[in-house]
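Please examine the sequence and the three-dimensional structure shown below. The paragraphs that follow lead through the model step by step.

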Amino acid sequence: MSDFDGLKALVTGGASGIGRATAELLAARGAQVAVLDLDPSSVEKPLLAYSADVTDDASVRTAVAAAVADLGGLDVLVNNAGIGAHGTVEDNDDAEWHRVMDVNVVGMVRVARAALPHLRASSHAAIVNTCSIAATAGLPQRALYSATKGAVYSLTLAMAADHVREGIRVNCVNPGTVDTPWVGRLLSKATDPAAERAALEARQPTGRLVSAAEVAGAVAYLASPLSGATTGTALAVDGGMQGL
Ligand code: NAD
């Protein structure tokens, strides 16, 4: 019997990239998995799919309730939906700050709020937030994005403290540069995408980007009873970007 057998998991942003890889890994290991996404049309069985926008509280509550009803409970929330932002503080106006904060930070809060009553009923409850090395690395041209992920990091620590006595663990993963459609979209805007990709890879201590499956492995560990005594931590999955 695997450590994932019988676990009921909800993955936000699970139609693409890191969320998709996580949903597929958890399902392959025996969990029952529901995906919540803006556009879940590409999600296939055995994954369950629910359409919701994490900036819309009513749609989140409806989708989480439907997912929990279909799964028959909830043990794991992978709070992963997120969007990027480029530039210094002079490049993004107030509306853009509110928009990205609303998805990346308040979006996670909305889903957590809807999920917590169900997680309290689980004997293996875990929340894993997708943070980023941007939370602590001081990356150039990422002021707004970094601020959202700094908030996700602090939120993870605060939620871990608030819910540990209820038996709910809260951790986050801090990926480096991960080879997902998101990075593909960024590279496609470059004058020479192949050269830009090579330059990006050369900046990685490992000489390559992190794969979505490698982030999924870290999320799965933090989501399962294998990490049963771990809460309030950030697990770097960055190919050595931080600290080297
Ligand atoms: P992605 O664009 O491939 O996937 C993101 C998914 O989130 C998409 O399916 C999208 O539809 C969904 N989504 C976006 N806004 C939503 C909303 N308002 N409501 C519901 N769903 C929404 O991106 P990814 O690279 O897999 O990123 C996933 C997470 O990983 C994000 O939180 C991102 O900040 C984080 N991350 C990514 C990288 C990277 O290099 N790719 C690095 C560190 C952290």
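Which residue in β3 is the bridge partner of D37? The partner is S51. The model in which this pair is found is a predicted one.

The crossing is right-handed. On the side of α1, the contact is made by G17, I18, R20, A21, T22, L25 and L26; on the side of α8, the residues are A212, A213, V215, A216, G217, V219, A220 and A223. By class, this contact of α1 with α8 has 11 nonpolar, three polar and one charged residues.

Attention now turns to α3. Helix α2 (residues 57-71) packs against α3 at an angle of about 35°, and the two axes are 9 Å apart. This crossing, too, is described by its hand: α2 and α3 cross in a right-handed manner. From α2, the residues D57, V60, R61, V64 and V68 take part, and from α3, R110, V111, A114, A115 and H118. The contact of α2 with α3 has six nonpolar, one polar and three charged residues.

Helix α3 (residues 94-119) has a further partner in helix α5 (residues 143-163). How are α3 and α5 oriented, roughly parallel or roughly antiparallel? Their axes come within 9 Å and cross at roughly 20°. Angles under 35 degrees count as roughly parallel, and α3 and α5 are therefore roughly parallel to each other. Helix α3 passes α5 in a right-handed crossing. The residues of α3 that meet α5 are E96, W97, V100, M101, N104, V105, M108 and A112, and those of α5 are L144, Y145, T148, A151, V152, L155 and M159. In this contact of α3 with α5, 12 residues are nonpolar, two are polar and one is charged.

Most residues other than glycine have a negative phi, and most peptide bonds are trans. In the loop between β2 and β3 lies P46, and the peptide bond that joins K45 and P46 is cis, with an omega of about 10°. In the loop between α4 (134-137) and α5 lies Q141, which has a positive phi of about 65° although it is not a glycine.

Finally, the ligand may be considered. Which of the 27 residues around the ligand come nearest? They are G13, S16, G17, G82 and T180. At least two residues of the shell are supplied by each of α1 (17-28), α3 and α6 (181-188). By class, the shell consists of 12 nonpolar, 12 polar and three charged residues.

Definitions and conventions. Residues numbered from 1 in each chain as written. Predicted model: local features only at pLDDT ≥ 70, side-chain atom pairs only at ≥ 80, totals over all residues. Axes fitted to C-alpha atoms, helices over the stretch in contact; angles between N-to-C directions. Helix = DSSP H or I, 4+ residues; strand = E, 2+ residues; numbered from the N terminus. Parallel < 35°, antiparallel > 145°, perpendicular 65-115°, else oblique. Left-handed = near helix turned anticlockwise from the far one by under 90°. Contact = placed C-beta atoms within 7 Å. Nonpolar A, V, L, I, M, F, W, Y, C, P; charged D, E, K, R; others polar. Near = placed C-beta within 6 Å. Pairing = 2+ DSSP bridges.
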